[in-house]
Amino acid sequence: MRRVTLRSWKTAAVLVMACAAVALGANGSLAASHAKVVKVAIMTDCKGAFAFGYDFDIGGAQGAFAQFAHGVTKNHAKPSAGMTGIHVGSTQVKIVGYGCGNDTVPLAITETKRLMEQLNADVEIGPLSGDEAVATANYAKAHPTKTFIIGTAGSQDPTMQIAPKNMFRYHGDGAQWNAGIGELAYKKLHWRKAAIIMDDYSFGWTSAAGMIADFCAVGGDIVKRVFPPLNTTDYSSWVRQLPPPNQVDGYFSAVGGTGTSAMLKAFEQAYGKLNPKQWIGNLFFGFLGADKVVAPKLVGSYVGGFGNNPGVHYPKVDAYRAFMTKLYPKIPADDGFTYNYYMAAKALVQGLQKSGGAVGAKLQASLPRSINGPFQISNGGFVKLDSRRQAIQDQYQLQLVKNKDGSVSPQVVAYVPAVDQSFGGLFKPTSPPPGRTQPPCKRVHTPWQGKIQLVVNGKITKQVLK
């Protein structure tokens with residue numbers, strides 16, 4: 001048997017330690033070569049009234065990932081086919097799933113739990129619809145380490161009355177989108193008495209609230225409010241609750257999704273041919289297919305807007321359109337659904353750059369409070385967030401016009417810069433969110449009253465709406 005000396009033990013120990021050091025170094029190098037992974041979920045609707053927005057939303061978010069985070073799309077005709085190669089610095093960003101909602105709360109929460117708990121997403125971009133966002137805001141409050149960036153939902157509550165610190169919105173809510181449209185009805189169309197029909201849920205109420213507040217602020221009166229449930233198919237009994245055309249100057253519509261066309265058809269059956277001068281709609285008069293179904297019946301009608309400016313040209317918005325059209329030719333870059341998800345994903349990329357790929361509280365502190373937006377002109381072209389992490393956004397009022405080829409599309413006719421969610425203090429975190437009776441019709445002063453700028457041939461002028 002070989003004798004083991006003290007010296008040989010020392011030599012062996014040194015060799016073991018050296019080997020361990022080499023192994024440790026190798027493992028450290030291996031670990032360094034594997035980038036951190038941030039898991040992202042995109043929550044939208046593939047069923048229900050807004051199912052047609054599914055690929056618009058996904059395409060918008062992935063457009064930003066392609067432009068700012070090296071993402072490679074799998075199918076230029078179908079965004080929901082997926083995207084690979086997304087990374088921010090050394091941080092890999094992986095889309096772990098797409099939520100499939102139907103604009104209802106139960107499915108939205110089921111899908112959110114699947115994405116955030118089963119698939120363990122760190123960040124959710126979405127949801128699409130109003131009640132979904134209200135429920136998600138309450139879910140976010142109970143899950144503070146997760147981060148939520150609203151996709152295109154426009155209910156007021158998520159960033160006003162609920163406002164969890166881990167939820168952000170880089171676009172306006174439904175009331176903001178309609179800023180200025182009531183004053184336009186009063187001054188341009190000379191409406192004094194109007195009725196309003198709105199989907200009976202949080203976005204419908206918020207969208208209508210902007211119309212009501214704006215119209216009543218300058219002296220108009222809302223004489224009737226009608227509330228058909230979302231996803232109604234037969235609107236005959238609901239439009240019969242509206243005053244006939246000879247008893248009011250006009251109608252505001254906050255009926256959306258697949259219901260817009262059905263509601264107007266029911267109105268025609270009850271009261272005859274539509275008069276474009278008697279109708280003003282929210283975004284669903286001019287976007288998401290409405291340009292082909294609704295707009296031809298209402299050429300000349302005004303539309304509240306969507307925080308976007310179709311037909312207006314300047315370098316950064318044209319660059320955005322060109323990039324998105326090349327990436328996804330079938331997805332309309334000017335549509336607010338596309339654009340809002342794009343802004344959400346762009347903000348996430350900037351947040352990850354600043355956080356060094358960290359998620360949770362560090363990401364939430366790093367998400368931008370000011371972000372350059374293609375459709376934004378005021379504030380140096382930057383959308384700014386208020387103290388509740390809600391966008392202060394430029395708004396554009398639209399009119400449905402017939403093009404040379406016979407098609408009908410929305411055209412920008414007026415501009416209101418930097419609209420805040422509170423409407424200059426009318427809406428407050430301590431007040432009830434918009435609903436069937438909120439806001440009341442009363443004379444107030446909005447920050448843009450008497451200052452709405454006219455847009456002529458795609459150019460913002462110094463002329464003011466009189």
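Helix α6, which spans residues 181-188, is mostly covered, with 6 of its 8 residues buried, where buried means under 20% relative accessible area with a 1.4 Å probe and protein chains only, and where helices are DSSP runs of H or I of at least four residues, strands are runs of E of at least two, and both are numbered from the N terminus. The structure is a predicted model, in which local features need pLDDT of at least 70 and side-chain atom pairs count only at pLDDT 80 or more, while totals for chains, interfaces and linings use all residues. Residues are numbered from 1 along each chain as its sequence is written, and side-chain values use heavy atoms, with hydrogens and water left out.

The buried residues of α6 are Ile181, Gly182, Glu183, Leu184, Ala185 and Tyr186. Their cover includes the helix α7 (202-217) together with the strands β11 (250-254), β12 (279-281), β13 (302-303), β16 (391-402) and β17 (408-419). Just after α6, histidine 190 takes a positive phi of about 65 degrees.

Glycine 259 counts as buried because its relative accessibility is 3%. Between glycine 259 and phenylalanine 284 there are 25 residues of separation in sequence, and their C-alpha atoms lie 9.3 Å apart in space.

Turning to the protein chain as a whole, 14 helices and 19 strands are found in it, and 57% of its 466 residues count as buried. Along the principal axes, its C-alpha atoms fill a box of roughly 115 × 40 × 40 Å. The mean pLDDT, the predictor's confidence in each residue from 0 to 100, is 92 for this chain, and 92% of its residues reach 70 or more. Over residues 1-35, however, the pLDDT is below 50, and beyond near neighbours in sequence this stretch has 4 contacts in the model, a contact meaning heavy atoms within 4.5 Å. Among contacts in the chain between residues at least 6 apart in sequence, 69% join residues at least 24 apart.

The chain is divided into domain 1 (37-172 + 311-368) and domain 2 (179-304 + 394-464), with bounds that come from an automatic or database domain assignment. The contact between them takes 26 residues from domain 1 and 26 residues from domain 2, and the centres of the two domains, taken over C-alpha atoms, are separated by 27 Å.

Terms used. Buried < 20%, exposed > 50% of the residue type's maximum accessible area, 1.4 Å probe, protein only.
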